[in-house]
Amino acid sequence: MKTMWAPWRMEYILGEKEEGCIFCKGLSHQDDLTLFKGKITMVMMNKYPYINGHLLVAPTRHLATLDQLSKDEMGDLLLTVERSVGILKEVMGPDGFNVGLNLGKVAGAGVEEHLHFHIVPRWYGDTNALTVFADVRVIPEHIKATYNNLKPSFDQLDI
């Protein structure tokens, strides 16, 4: 029997939810999951990822809906998503991506008060019956190792 280890997921499922906005906290102090802090956008790793390299791209301004974004923010946000996908391609070599945002709790937004895109890299064979039957995902690399692999590329990001 093989053992699958993804303890950070269970912490999220069973644990108390943090107070305050994770994105604003990630901007205000040294956060060990924030990969990029720009003037208009930021990129952080999902603390409870669906798979290695699951990133969150958000405006630095605390807002919840698309219509609150300025044109500059919209442009920079999409540019940051595109550049993040490029970094993931280069560093991790996925076969594809799921990219999107969940607006509102009913749509699946875990942090509904701060708009953010999810970028989820995908590889052939990265899903199996466990995902369907047991609500379990297998994450083969520790989140800190993924962070350490991605951070040098995000340090060079200029948006």
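pLDDT is the predictor's confidence in each residue, on a scale from 0 to 100. The structure shown here is a predicted model, and across the protein the mean pLDDT is 82, with 79% of the residues reaching 70 or more. Helix H3, which spans residues 71–92, has the highest confidence in the protein, at a mean of 97, and the points below centre on this helix.

**Confidence**
- Where pLDDT is low, the predicted coordinates should not be read in detail.

- Val85 has its place in helix H3, and it counts as buried because its relative accessible area is 15%, which is under the 20% cut-off.
- Once the neighbours within four places in sequence are left aside, the residues in contact with Val85 are Phe97, Val99 and Ile119.
- Val85 and Pro121 are 36 residues apart in sequence, while their C-alpha atoms are 8.2 Å apart in space.

**Helix H3 against helix H5**
- The axes of H3 and helix H5 (residues 143–155) come within 10 Å of each other and cross at roughly 125 degrees, so H3 is described as oblique to H5.
- The crossing of these two helices, H3 and H5, is right-handed.
- On the H3 side the contact is made by Ser84, Ile87, Leu88, Glu90, Val91 and Met92, and on the H5 side by Thr146, Asn149, Leu150, Ser153 and Phe154.

Note on methods. Residues numbered from 1 in each chain as written. Predicted model: local features only at pLDDT ≥ 70, side-chain atom pairs only at ≥ 80, totals over all residues. Heavy atoms only, no water. Helix = DSSP H or I, 4+ residues; strand = E, 2+ residues; numbered from the N terminus. Buried < 20%, exposed > 50% of the residue type's maximum accessible area, 1.4 Å probe, protein only. Contact = heavy atoms within 4.5 Å. Axes fitted to C-alpha atoms, helices over the stretch in contact; angles between N-to-C directions. Parallel < 35°, antiparallel > 145°, perpendicular 65-115°, else oblique. Left-handed = near helix turned anticlockwise from the far one by under 90°.
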